[in-house]
Amino acid sequence: MTHSLFVNGRLHSVDTDGDAPLLWVLRDHLRLTGTKYGCGKAQCGACTVHADGQPVRSCSLSLADAATSRIETIEGAAGPEAEALTAAWVARGVPQCGFCQSGQLMSALALLRANSAPTDADIDAAMSGNLCRCATYNRIRAGIHDAAAALGDRS
Amino acid sequence: MKLRRPRLSCLSIAMILFALIILIVAILLRPLTLPKPEALSAAFAPVVVAPLKPVSAFNAIVDPAARSVALFQEAGRVIRHPRCMNCHPRTDRPTQTDAMRPHMPAVARGPDGAGDPHLRCATCHNDANFTGRDVPGNPQWLLALIEQAWQGRSLGETCRQLFDPARSYITRAELLEHMANDALVGWAWHPGGDRPPAPGTQAQFGALIAAWRETDARWPA
Ligand code: FES
Ligand code: FES
């Protein structure tokens, strides 16, 4: 069956089963491979994207459900918060192997858009669903603080 | 005198090869005793959950107070089931699985019971069980209020707090409605994946709670 899927501001037509996980569709049909497969069962956060601005695990969201929302992936992440996070990530060298980082960034982006000055506790709560095998947690938290500070300086 | 090293003749090589072949064939053709299938120990036997007893099964209890307690004890098999208890934690973190271990990833109840504002339950739990990936879901997925924490409490204590004005947030009528008709409570009988459902059906459970209320809602000690 054909589904219309709105991803990163573009409407795509995807001809596959509505039960297919969104992650499969993003990676295999739309070739948006920035979103990663970690556990495949909502345990690691590597596959995090936004649906109508809310972070969701794309491995556990069906195409049929995703088709009712506007999906944003790491490839389409834009705006001041995304720029501040990118700059902070580069400046601090946050990633190690990098596999988890697109998911980390999408969660961090949702956090910063909702809370421009998050505390350590806010960051820990928002990011606790994103695992990092390389244990870059301290740099992630510092990177979010850096990005928040940079956003504060701009405004 | 020059000693000549003994040499293996073709015949002896052939004999050795022949002996080796005989040995290999003997090893391959030796009678094997296959292990006999054994019955699994009782510890691994599948747990057979008895269905909920109907209300009529308690009619023989003449004393209304004793009947009321017995009805609640039967309903308590649902209340104390991991499908229900996991979302009635006494901390801010739900539990999961039949072992009722802390929820992974670490999540918090948040101000409305549906997760931290930045890590909502809906980040992973959708409107329905996502069977392909075995992630359970329901449109109302959220934790019970902390005042209705059931974990670590006896059935009697659970019952007392249901009606404690300081801790109860619903009337008796609403309680019956919640247990008998609430769709999220109903998920406990349709949990998807390999999660064992609560015993009986939601309708049977609701009938037990209704009969218990009609018998003056007595609770076990
Ligand atoms: S791949 Fe989706 S949460 Fe791990
Ligand atoms: S950077 Fe390697 S898993 Fe996170």
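## Interface between chains A and B

In this predicted model, about 1600 Å² is buried between chain A and chain B, and carbon and sulfur atoms give 57% of that area; buried area is the accessible area (1.4 Å probe) that two parts lose on being put together, summed over both. On the side of chain A, Gln43(A), Arg57(A) and Ser60(A) lose the most area to chain B, together 25% of what that side buries. Contact, taken as heavy atoms within 4.5 Å, links 23 residues of chain A with 14 residues of chain B.

The count of salt bridges between the two chains is zero, where such a bridge would need a side-chain nitrogen of Lys or Arg within 4 Å of a carboxyl oxygen of Asp or Glu. β4(A) gives four residues to the side of chain A that touches chain B, the most of any element.

## Sheet of chain A

Chain A holds an open sheet of five strands in the order β2-β1-β5-β3-β4, with mixed pairing; strands are DSSP runs (E, at least two residues), numbered from the N terminus, and two of them pair if DSSP finds at least two bridges between them. The edge strands, each pairing on one side only, are β2 (10-15) and β4 of chain A.

Strands β3 (residues 48-51) and β5 (residues 70-72) of chain A run antiparallel and are joined by two bridges, with His50(A) standing opposite Glu72(A) in β5(A).

## Basis of the values

Residues are numbered from 1 along each chain as its sequence is written, and chains are lettered from A in the order in which they are written. Local features need pLDDT of at least 70 and side-chain atom pairs count only at pLDDT 80 or more, whereas totals for chains, interfaces and linings use all residues, and side-chain values use heavy atoms, with hydrogens and water left out.
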